[in-house]
There are 2 protein chains.
Amino acid sequence: MKPIKVGLLGLGVVGGGTWKVLARNAEEIARRAGRRIEVTRVAVRDVAKARMRVGNEVEVAADPHAIVRDPSIDIVVELIGGDTLARELVLEAIANGKHVVTANKALLAKHGNEIFAAASAQGVMVAFEAAVAGGIPIIKAIREGLTANRIEWVAGIINGTTNFILSEMRSRGLPFAQVLAEAQRLGYAEADPTFDIEGVDAAHKLTLLASLAFGVPVQFERAHVEGISNLAAEDIAHAARLGYRIKLLGITRRRADGIELRVHPALVPAERLLANVEGAMNAVLVRGDAVGPTLYYGQGAGEEPTASAVVADLVDVTRLHTADPGNRVPHLAFQPDAMSDTPILSIEDTETSYYLRMRVEDRPGVLADIARILSDASISIGSMIQEPSSDGSGADIIFLTHLARERNVNLAIASIEASPFVRSTVTRLRLENLT
Amino acid sequence: MKPIKVGLLGLGVVGGGTWKVLARNAEEIARRAGRRIEVTRVAVRDVAKARMRVGNEVEVAADPHAIVRDPSIDIVVELIGGDTLARELVLEAIANGKHVVTANKALLAKHGNEIFAAASAQGVMVAFEAAVAGGIPIIKAIREGLTANRIEWVAGIINGTTNFILSEMRSRGLPFAQVLAEAQRLGYAEADPTFDIEGVDAAHKLTLLASLAFGVPVQFERAHVEGISNLAAEDIAHAARLGYRIKLLGITRRRADGIELRVHPALVPAERLLANVEGAMNAVLVRGDAVGPTLYYGQGAGEEPTASAVVADLVDVTRLHTADPGNRVPHLAFQPDAMSDTPILSIEDTETSYYLRMRVEDRPGVLADIARILSDASISIGSMIQEPSSDGSGADIIFLTHLARERNVNLAIASIEASPFVRSTVTRLRLENLT
């Protein structure tokens with residue numbers, strides 16, 4: 001069969017990895033796909049540098065627009081990132097009847113609805129396995145592997161930088177700032193780490209996972225996003241003593257009244273596989289009503305792991321590009337006319353367990369008063385530890401609650417913080433049993 | 001779009017689960033597939049009992065042949081098990097131009113080459129996600145999710161019964177026979193547990209995984225198969241002290257001179273995720289050259305988890321049944337004309353690390369003699385412990401070796417066992433670092 005022709009936009013980390021994997025494994029890929037996948041055009045900012053890399057058989061140019069308009073190109077691979085030029089190019093490629101493969105989670109989390117609608121109207125595919133959890137085929141698993149299921153929830157470690165930082169904080173007992181600096185030196189964190197450490201990158205990915213799991217439109221703006229920059233080393237240590245590890249989780253859960261969509265650090269029982277995902281690795285736990293819990297683990301970033309997903313998409317698109325568009329796997333797992341308008345819930349409507357830490361005066365009646373406040377807010381206590389505070393000025397109390405509504409927890413915290421016997425703000429972390 | 005019509009052969013555990021999941025999630029499945037998937041005919045041995053279950057809208061009969069010949073049926077789901085009648089029915093369905101979905105690993109491990117060739121000739125699909133690791137979409141992951149990769153090895157816990165038994169033996173310090181009896185009472189092990197505990201079931205599944213990973217024909221007869229019935233509780237305890245857990249693994253690895261294909265108990269470092277897969281759960285670790293290690297975890301058996309895979313296959317076949325057969329995903333991941341004749345290696349050519357335990361006389365020179373035997377066989381020692389034997393009659397020595405060739409290990413063991421100072425046979429277990 002004729003080779004499929006690919007135009008590559010961007011030759012950075014992922015673009016370079018894609019080029020490398022396609023070249024090195026050309027034979028193995030063709031054995032599977034039944035034809036060759038050839039990059040025939042590349043658009044990059046630094047043309048001379050790129051030409052050194054890809055040689056003379058490929059056309060290298062600075063103008064990406066020429067590629068998305070080129071009638072000889074079957075598939076456009078967008079790896080330039082950002083959501084302005086990338087959006088423009090992807091939409092133009094679609095308008096020109098080209099299939100698109102992209103690793104751009106920010107683009108799809110913000111403009112996915114527009115892009116997928118345009119693609120469906122044109123009868124082309126937009127494949128994005130590389131946008132979530134790098135090399136792990138999690139989109140394929142949810143979109144095709146679990147089609148029998150009513151999916152109940154998804155919980156994932158979907159940002160390697162923060163998982164690396166949390167793993168180091170725990171195993172070495174170090175504070176956040178010190179580990180972040182080290183991660184930056186090692187290249188695990190960017191010079192401006194905001195997107196990673198504040199949970200934004202994870203929220204982009206979670207937004208896509210929620211749409212795939214529940215068939216709702218992409219709604220990044222409704223996601224609740226908290227990062228790890230305020231996480232104290234002592235909470236990691238307390239959690240460990242209580243049998244938990246703290247992970248930055250992206251969680252989306254179907255409830256009777258809507259869908260939870262939230263990224264934040266959470267305590268996870270130490271015996272769960274997810275709690276044992278260490279370093280820069282990613283893992284996504286998906287619970288379906290028929291299959292039960294399933295977990296997918298691997299490298300969530302990096303040159304070749306991400307390229308692995310890009311190339312898998314290229315093979316998929318190659319296989320399906322002659323198929324009737326109506327029979328292809330829908331972009332967001334559900335047929336466009338079968339999407340659901342189930343609302344995304346406010347974070348205040350979250351129902352989960354909580355870890356609450358506070359410093360109080362060490363005198364009779366204090367515990368009773370706090371217990372009363374919690375009970376008045378319909379919060380029941382699962383376990384508790386109290387110990388003298390390290391500075392000898394009072395007592396530190398930690399509560400682990402049973403399932404509670406976040407709105408009630410917030411009211412209780414306000415009430416506790418307003419009490420005369422409390423000497424600190426209340427540290428509140430969510431606790432996910434993942435069962 | 002018109003519903004797709006399914007004929008179901010068998011209404012046992014998996015057949016019943018498939019019926020249940022298709023009924024309960026009909027809406028969710030149709031939202032994804034774009035059309036309904038309807039079971040219109042069922043063949044079972046006990047017609048009256050089945051009719052009670054599926055009602056009057058479905059034709060229930062005792063003769064499965066009528067279904068595989070029925071022109072109104074699009075897809076035949078084979079869930080009767082065994083490899084005589086099942087083979088006959090699957091081949092007849094294919095000859096009649098029907099797509100087939102099956103959970104039958106024994107059938108495919110033994111007759112897969114014949115069945116896939118017949119299907120390719122007829123232009124129909126034989127889908128078998130449910131045949132390996134139940135609800136985990138591992139076949140899809142390897143066959144479609146990792147197409148970019150040259151796969152290096154696959155190592156899996158792919159039999160829930162044995163993993164349950166090993167988990168109980170370790171956590172409760174009990175001997176094999178006692179845990180097996182309990183597993184039988186709980187329904188985790190069959191009355192005749194041979195297929196599970198002797199590794200045959202795992203070897204059926206591993207055989208399929210090897211073909212999918214490396215593009216070699218199905219060669220169950222070349223698999224090396226060892227079960228757990230001879231595993232001593234003391235070796236599990238020794239392994240734990242050394243930082244390892246013992247799991248029944250199916251391992252297939254590409255080497256320069258051929259492919260390893262082996263099922264046996266193995267020591268795995270306790271910190272690996274795979275070592276922490278407990279109870280009846282399954283997990284498969286796949287290493288690709290681009291993606292690195294990826295792991296897939298979930299329930300490997302049971303009514304609804306297995307049905308989850310059967311129904312996912314039904315959705316896939318529904319989507320692809322109008323596609324050009326040449327563009328479909330090949331049955332064994334590689335195009336039929338691109339299969340490899342790389343040989344399956346003999347177990348003697350395995351290269352891995354080893355755990356060797358022996359009881360010896362406690363006198364000077366013994367250790368030196370054993371070390372010399374190992375060294376003469378090109379086996380280098382990674383670590384060693386020696387302690388007085390529990391009966392006070394001598395010393396127990398345990399070696400963990402570096403990578404060694406099994407042939408050399410066997411020679412060394414024979415030589416050690418022939419030595420006058422050795423009071424026991426040598427217990428030999430393989431050790432897999434999985435890196």
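Predicted model: local features only at pLDDT ≥ 70, side-chain atom pairs only at ≥ 80, totals over all residues.
Residues are numbered from 1 along each chain as its sequence is written, chains are lettered from A and ligands numbered from 1 in the order in which they are written, and side-chain values use heavy atoms, with hydrogens and water left out.

Between the two chains, 66 residues of chain A are in contact with 66 residues of chain B, contact meaning heavy atoms within 4.5 Å. The area buried between them is about 5100 Å², with carbon and sulfur atoms giving 51%; buried area is the accessible area (1.4 Å probe) that two parts lose on being put together, summed over both. Six salt bridges are counted between chain A and chain B, each being a side-chain nitrogen of Lys or Arg within 4 Å of a carboxyl oxygen of Asp or Glu. In a salt bridge, the side chains of Arg24(A) and Asp289(B) meet at 3.1 Å, N to O.

The elements that give two or more residues to the side of chain A that touches chain B are helices H1 (13-24), H2 (26-33), H7 (138-145), H11 (200-214) and H13 (303-320), together with strand S12 (292-299). Helices (H or I, at least four residues) and strands (E, at least two) are DSSP runs, numbered from the N terminus. The largest share of this side, nine residues, comes from H13(A).

Strand S12(A) also runs antiparallel to S12 (residues 292-299) of chain B, joined to that strand by three bridges, where two strands pair if DSSP finds at least two bridges between them. Within this pairing, Tyr296(A) has Tyr296(B) as its bridge partner.

A rotation of 180 degrees with 0.0 Å of shift along its axis superposes chain A on chain B, with RMSD 0.0 Å, by least squares on the C-alpha atoms of residues with pLDDT of at least 70 in both copies. That is the relation of a two-fold axis. The same surface serves both copies, since 100% of the contact residues of chain A recur in chain B.

Within chain B, an open sheet of six strands has the order S3-S2-S1-S4-S5-S6, with parallel pairing. Strands S3 (59-61) and S6 (126-127) of chain B stand at the edges, each with a single partner strand, so one side of each is left without a neighbour in the sheet. Strands S1 (residues 4-9) and S4 (residues 75-78) of chain B pair in the parallel sense over four bridges, and Leu9(B) stands opposite Glu78(B) in S4(B).
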